[in-house]
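Me: I would like to go through this model in questions and answers. Please show the sequence and the structure to begin with.

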Amino acid sequence: IRGRIFLFDDKHENLLITHEWCVDKDLCQKAQFQKYHIDRFIYFNNKLSELEDVIIDSEKDLPPDASAERKWFDENGFFPIFYVPIISEEELVGVLGFTAENNNNHQWPRKYGYLLRYIGNILFNAINRRDISWKLRRTQFTLDHYSDSVFWLSVPDFNIIDVNPAGCLLLGYTREELLEMTVFDFDPVFAEADLDLFWKVIRQNSSNRLESVHQKKNGDKFPVETLAYLIDFEGDESIVSFTRDITAQKQAEEQLKQSEQEYRKIFENVAHVFYEASLEGILLNITPSVERMTNYKQKDLIGKPMEFFYYDPLAREPLLKALYEKGEILDFEIDVKDLDGRPIPASLNSRIIFDEAGKPERIVGSLSDLRKRREAEAQVRQLSTALEQSPVSVIITDPDAQILYVNKNFIDFSGLHPDKIIGSTPGDLIPDRLSLVELWKTLKKGKVWKGELDYIKRDGTHVWLSVTASPLRDNQDQLINFVGILEEISERKTIEQNLRKAKEQAEKSDHLKSAFLANMS
């Protein structure tokens, strides 16, 4: 004889073997047959569901409507069975069953049916109590090791009934101290809250999520998020609240808020125009700096086609072609239009943004106003023309005195090829070492040097140069260049020398005249 206990699963679709007894343990089949679907034993299930015993001594005891059971016996072999329902709260929860060897003469004693039911219920209650005990132990272990605070509170005064170790640790109180307190003792915000609203929400939804502030035993305060549940156990209400410290979350939110403010500040005050557009060419977002550039307001452009923004709408086609071929374009010059329809030269950078699947998602880019650059380029051209046509020589060096530029006048004057000049230093070209030493001392002090230098031309001719050299600094007062202006003064020096000789000759003649007159007298 073999005995088994079968219990229904949660869906009441399968019978699970929980226990099995055999005369010979080698004959136990629990490992082989863990569960049976009720569709395999429709007749047995119907009888048991009506709280009737199922007793089969031989195959002839199977009624015609037990076709599913007959099929199962055909596949696995027949054996006598005695099954009684296990009932809990007037519902079928399982089966206590016995099977015997098929010797064609087996007779189950019917009189033990009620006794077996009683035994089945005792076994079920024992199993149930064990399961409940195990679940309680698991739950208690989980709560004891749960990282967030858990409070059990009485209704309606919010006295603490119980608390897990995390709650004690977080607040700095012992469990005994907290069991003498209410929530209001360590939650000053909740003490001033609208309790009518709290009860309205928790009774309507059976839960209530709220943020508050808890105060530790040492006086420190910290923000918390609490999820409170209203529990009704056999008419006795209580509240279970799960509370976690959200200090890190609040700090992250504050940092994010500051980052968003900084981003917004940058976004609204950036000099360039940044934009975002759909693949269809609809403007999704654009920085407010567009108003400074075009007089269009940001809100008047968002949602408009990008062609609306171009001075020549047809210019977008080659731009898009280049963008889709390369994935991005840099310094693409294009004319946009201002509010009055006038063209504005601009430099455009743009690229395609792809989603996680690698598909094109949107287009982002930036526009730079080229009007000042064009004006600067025009000024540079004018200055360059002026330098090239200047009657004096100009030399520009870097801070290390390497020559970066000389104008045409110096090239013509010196007779040197530009390749021999660029990259050299003035000391390589001018042999007047003493004067150059004084020149560099003055320049390094940040002052302007003026003087004259003796210069030997390529053909060996000595000439005199009037030189003005000055340091050039940027907007941050950093030295970036030295500039020298050279003018040949050989003719002037010759005239000065002749005048000096004539003066000396005149003074000498005057002295001789005076001596002659003195002797005559």
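**Strand pairing and salt bridges**

Reply: In this predicted model, strand β7 (residues 149-154) pairs with strand β11 (residues 236-245) in the antiparallel sense over six bridges.

Me: Which residue in β11 is the bridge partner of W152?
Reply: β7 and β11 are antiparallel strands. Within β11, the residue bridged to W152 is V240.

Me: Is strand β7 mostly covered or mostly open?
Reply: Buried means under 20% relative accessible area. Five of the six residues of β7 are buried, and the strand is mostly covered.

Me: How many bridges join β7 to strand β8?
Reply: β8 covers residues 160-163 and runs antiparallel to β7. L153 stands opposite I160 in β8. The hairpin of β7 and β8 has five residues between the strands, and F158 takes a positive phi near 65 degrees there. The number of bridges joining β7 to β8 is three.

Me: How far apart are the closest N and O atoms of R175 and D162?
Reply: A salt bridge needs a side-chain nitrogen of Lys or Arg within 4 Å of a carboxyl oxygen of Asp or Glu. R175 and D162 form such a salt bridge, with the closest N and O atoms at 2.8 Å.

Me: Is R175 buried, partly exposed or exposed?
Reply: Partly exposed lies between buried, under 20% relative accessible area, and exposed, over 50%. Because its relative accessibility is 36%, R175 counts as partly exposed.

Me: Where does the partner of E276 lie, given that E276 and R362 meet in a salt bridge?
Reply: The side chains of E276 and R362 meet at 2.5 Å, N to O. The pair links distant parts of the chain: E276 is in strand β12 (residues 273-278), 86 residues from R362, which lies in strand β16 (residues 360-369).

Me: What is the accessible area of the nonpolar patch that includes L115?
Reply: L115 lies in helix α3 (residues 113-144). L115 is partly exposed because its relative accessible area is 44%. With Y112, Y118, I119 and I122, L115 forms a nonpolar surface patch whose accessible area together is about 480 Å².

Me: How far apart do the C-alpha centres of domain 2 and domain 3 lie?
Reply: The domain assignment gives residues 146-249 as domain 2 and residues 270-374 as domain 3. Their C-alpha centres are separated by 55 Å.

Conventions. Residues are numbered from 1 along each chain as its sequence is written. This is a predicted model: local features need pLDDT of at least 70, side-chain atom pairs count only at pLDDT 80 or more; totals for chains, interfaces and linings use all residues. Side-chain values use heavy atoms; hydrogens and water are left out. Patches are made of residues with over 30% relative accessible area and no salt bridge: like charges are joined within 9 Å, nonpolar side chains (Val, Leu, Ile, Met, Phe, Trp, Tyr) within 5 Å. Accessible areas come from the Shrake-Rupley method with a 1.4 Å probe; for residues, only the protein chains shown count as cover. Helices (H or I, at least four residues) and strands (E, at least two) are DSSP runs, numbered from the N terminus. Buried means under 20% relative accessible area, exposed over 50%, partly exposed in between (1.4 Å probe, protein chains only). Domain bounds come from an automatic or database domain assignment. Two strands pair if DSSP finds at least two bridges between them.
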